[in-house]
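Please open the model in your viewer and keep the selection tool at hand. The stops below are given in the order in which to select them.

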Amino acid sequence: MASALAFVAVLLAAAAAATSPAAVAATTLTIQNLCPHPVWPLVTPNSGLPSISDNTARLDPNALISLAFPPTSWAGRVAARTGCDATASGCETGASPPSTVAQLSVHGGGGDVAAYSVSLVDGFNVPMVVSPQAVGGGQCPVLGCIVDLNCDCPPGQRFSDGAACRGPPEYFKNRCPLTRTTPTDVEPVPQSCRAPGELKVIFCPPTMVTAAGADADMLIRTVVADS
């Protein structure tokens, strides 16, 4: 009887292993600078979560850095600091508001599900998009803003001689509808992104959306930065 029970236990274990979903490789965070000036990425984890960057890297134009998410869930923010000194301190913009912020989260061991957005709630300093790569399925739109909102920033909202813009939210949303501009704002496109192999944050992307006309629906396409 004992040997029969042991045999059954082995069969059950084998069946469970056969029906379990395959492990997903840990998601990578890639940050690329396509701006014509250096940028110092600032990666900040949410409270209680581990840091994945020492935040000392300087990205010259076309440079990139890749960071590994931990094997468990992680959430945090990515901002672009500009005008920093050699020690990545004393930055002109990005270390505090107003600044463009990518909000990222990966859930489940290996990042089975990813959620992301580009927030202008704290203001704007550089154009930024989040582009999922090597996705496992679901809806994974490119989100963010490709417009330099500093150029037409209302005079009373300009910061640091025009290097950043405080708002208002209506100005941001009209120019960059695929961003979040208030605490309750969401993008007008669905998102349910499963198992992306990489989340790519791109500063100053050259293009993100196309439209057939002024009243046409926006066509979302993936931005693939040169690596």
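## Stop 1: a buried threonine

Select threonine 181, which has a relative accessibility of 7% and therefore counts as buried, since the cut-off for buried is under 20%. Bear in mind throughout that this is a predicted model. Threonine 181 sits in the loop that runs between α2 (169-175) and β12 (192-194). Which residues is threonine 181 in contact with, leaving aside its neighbours within four places in sequence? They are Leu120, Val121, Pro169, Phe172 and Lys173.

## Stop 2: aromatic pairs

Phe172 from that contact list leads on to the next selection. There are two aromatic pairs in the structure. In one of them, phenylalanine 69 and tryptophan 74 are tilted, with 5.3 Å from centre to centre and 45° between the planes. Phenylalanine 69 and tryptophan 74 are both buried. Now select tyrosine 171 and phenylalanine 172: their ring centres are 5.8 Å apart and their planes stand at 45°, so this pair is tilted. Tyrosine 171 and phenylalanine 172 are both buried as well.

## Stop 3: the six-stranded sheet

Colour β2, β4, β5, β6, β12 and β8 in that order to follow an open sheet of six strands with antiparallel pairing. At its edges are β2 (40-45) and β8 (137-139), each pairing on one side only. From one strand to the next, the twist averages 25°. Zoom in on β8 and β12, which pair in the antiparallel sense over three bridges. Here glutamine 139 has serine 192 of β12 as its bridge partner.

## Stop 4: the five-stranded sheet

Next, select β3, β1, β13, β7 and β9, given in their order across an open sheet of five strands whose pairing is mixed. For a parallel pair, look at β1 (residues 28-33) and β13 (residues 198-203), which are joined over six bridges. Threonine 30 has lysine 200 in β13 as its bridge partner.

## Stop 5: the cavity

How many cavities of 30 Å³ or more are there? The count comes to one. The largest cavity has a volume of about 30 Å³. To display its lining, select Ile31, Pro41, Val43, Ser53, Asn55, Ala57, Ile65 and Leu67. At least two residues of this lining come from each of β2 and β3 (64-68).

## Stop 6: backbone exceptions

Most residues other than glycine have a negative phi, and most peptide bonds are trans. The last selections depart from that.

- Proline 97 and proline 98 are joined by a cis peptide bond with omega about 0°; proline 98 is in the loop between β4 (74-81) and β5 (101-107).
- Glycine 167 and proline 168 are also joined by a cis peptide bond, with omega about 5°; proline 168 is in the loop between β11 (164-165) and α2.
- Alanine 134 has a positive phi of about 50° and lies in the loop between β7 (128-133) and β8. Its relative accessibility is 62%, so alanine 134 counts as exposed.
- Serine 160 has a positive phi near 55° and lies in the loop between β10 (158-159) and β11. At 26% relative accessibility, serine 160 counts as partly exposed.

Key:
Residues are numbered from 1 along each chain as its sequence is written. This is a predicted model: local features need pLDDT of at least 70, side-chain atom pairs count only at pLDDT 80 or more; totals for chains, interfaces and linings use all residues. Side-chain values use heavy atoms; hydrogens and water are left out. Rings of Phe, Tyr and Trp (its six-membered ring) pair if their centres lie within 6.5 Å; planes under 30 degrees apart count as stacked, over 60 as edge-to-face and the rest as tilted. Buried means under 20% relative accessible area, exposed over 50%, partly exposed in between (1.4 Å probe, protein chains only). Helices (H or I, at least four residues) and strands (E, at least two) are DSSP runs, numbered from the N terminus. Contact means heavy atoms within 4.5 Å. Two strands pair if DSSP finds at least two bridges between them. Axes are lines fitted to C-alpha atoms, for helices over the stretch in contact, and angles run from 0 to 180 degrees between N-to-C directions. On a 1 Å grid over the protein atoms alone, a cavity is a set of points where a 1.4 Å probe fits but cannot get out, and a pocket is an open set with protein on both sides within 12 Å along at least five of seven lines; lining residues have an atom within 4 Å of a point. Grid points are joined across faces, edges and corners, and a volume is the space filled by probe spheres set on the points.
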